[in-house]
Amino acid sequence: MMKIRTRILLFAVLFMWVGATAQIDKTANVFLITLDGVRWQDVYHGLDTALVQSNYTEGKELLNKMFSGSSPEESREKIMPFFWNTIAKDGQLYGNRTKGSKVDLTNKMLFSYPGYNEILTGKADDAHIDSNDKNYNKNVTVLELANKQERYKGKVAAFASWDVFPFIINDKRSGIPVNAGYMNAQGDLSGREIFLNEIQRQAPIIWESVRLDVFTHHYAKEYVKKNHPKVVYISYGETDDFAHGGKFDFYMKSLHNTDALIADLWQYVQQDDFYKDNTYFIITTDHGRGSGILEDSKWTSHGSNVKGAQHTWLAILGPNVKPVGEVVNGQLYTDQLAPTIAKILEVDVDIQTMPAKPINLK
């Protein structure tokens, strides 16, 4: 009789442990993904024929062959098939200003560090962040807030092509591992990470401060496979740098490639039991850019003196996201992203430092 009672007790304890583990495993995971300096026009209107015909494009015939279509909808699907075949069906897309959907920055600087600070902290800080210099951010990001919680401690990580991100995220204070620029993977390395460390500087180095996005992507993916972090930030950077260089064809090809990288990551997480059906992808940009060739709206530029640089866009995909596709009408702001992530993760925030309202995803 004693043995039977002992077995019943053991089974009860085991059942409770399994139930608790399942509950922990099914808490939300968030992947925040940014594409540097991508215009809302390129996401929603497809190939810009005026820029194709400008001096910004060398391979005009090839670019038209790859991305032109009989309508803006056909063209944009060729450029970003994951956005328009998956997110448009199962998620939400904001920022098509021709349909009254607006997403705007609240910072007035309209370049990268201020934009990323706004995305990550939920509040613009024009008084202190007015350059792209490598100064440690005094503001606390939503990544850091999550990392302070027992549920997410040591389960937050960031990967970026631009080498300023350790300062934006303040890796020293936050304790968040940040692999950015041409940093190598550290620690107990997989064979793929060893290989990435060997080859990332063997590929063409176009910009010393920004590595090619394919390396950022695979460093992130390998880390995700090994460690299963619950909060991941990935910042792709090529698009903005190709645009600054006046290379519209490279910019568009990079946008197309980044869409494919995001699709690859989404496909992976939906096949992994840890992430499947409880993972959110929140995708946006740090700023817009000009729409043409005139000095005050030059496509190569952004900043407070460039028309339209405050206009951005947003895409969201996840288990409790109402599948409305392309949203018509309405106004969102970039500072709403951090409180939205905090709400998904059930992380408390100080409304004094993060006053914006979370986005209603349901």
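User: What share of the contacts with a separation of 6 or more comes from residues 24 or more positions apart?

Analyst: A contact means heavy atoms within 4.5 Å. In this predicted model, residues 24 or more positions apart account for 70% of the contacts with a separation of 6 or more. Residues are numbered from 1 along each chain as its sequence is written, and side-chain values use heavy atoms, without hydrogens and water. Because the model is predicted, local features need pLDDT of at least 70 and side-chain atom pairs count only at pLDDT 80 or more, while totals for chains, interfaces and linings use all residues.

User: How many helices and strands does the protein have?

Analyst: Helices (H or I, at least four residues) and strands (E, at least two) are DSSP runs, numbered from the N terminus. Here there are 15 helices and ten strands.

User: What radius of gyration does the protein have, and what would a compact globule have?

Analyst: The radius of gyration is taken over C-alpha atoms, and the globule rule is 2.2 Å times the number of residues to the power 0.38. For 362 residues the rule gives a value near 21 Å, and the protein agrees, with 21 Å. Its C-alpha atoms fill a box of roughly 85 × 45 × 45 Å along the principal axes.

User: What percentage of the residues is buried?

Analyst: Buried means under 20% relative accessible area (1.4 Å probe, protein chains only). Of the 362 residues, 55% are buried.

User: Which residues lie nearest the centre of the largest pocket?

Analyst: On a 1 Å grid over the protein atoms alone, a pocket is an open set of points with protein on both sides within 12 Å along at least five of seven lines, and lining residues have an atom within 4 Å of a point. The largest pocket has 18 lining residues, and Tyr 280, Asn 320, Lys 343, Ile 344 and Lys 362 lie nearest its centre. Helix α15 (residues 337-345) gives the largest share of this lining, three residues. The volume, the space filled by probe spheres set on grid points joined across faces, edges and corners, is about 350 Å³ for this pocket.

User: Which residues line the largest cavity?

Analyst: A cavity is a set of points where a 1.4 Å probe fits but cannot get out. The search finds one cavity of 30 Å³ or more. The largest cavity is lined by Val 103, Thr 284, Trp 313, Leu 314, Leu 332, Tyr 333, Thr 334, Leu 337 and Ile 359, and about 30 Å³ of space lies within it.

Technical notes. Buried < 20%, exposed > 50% of the residue type's maximum accessible area, 1.4 Å probe, protein only.
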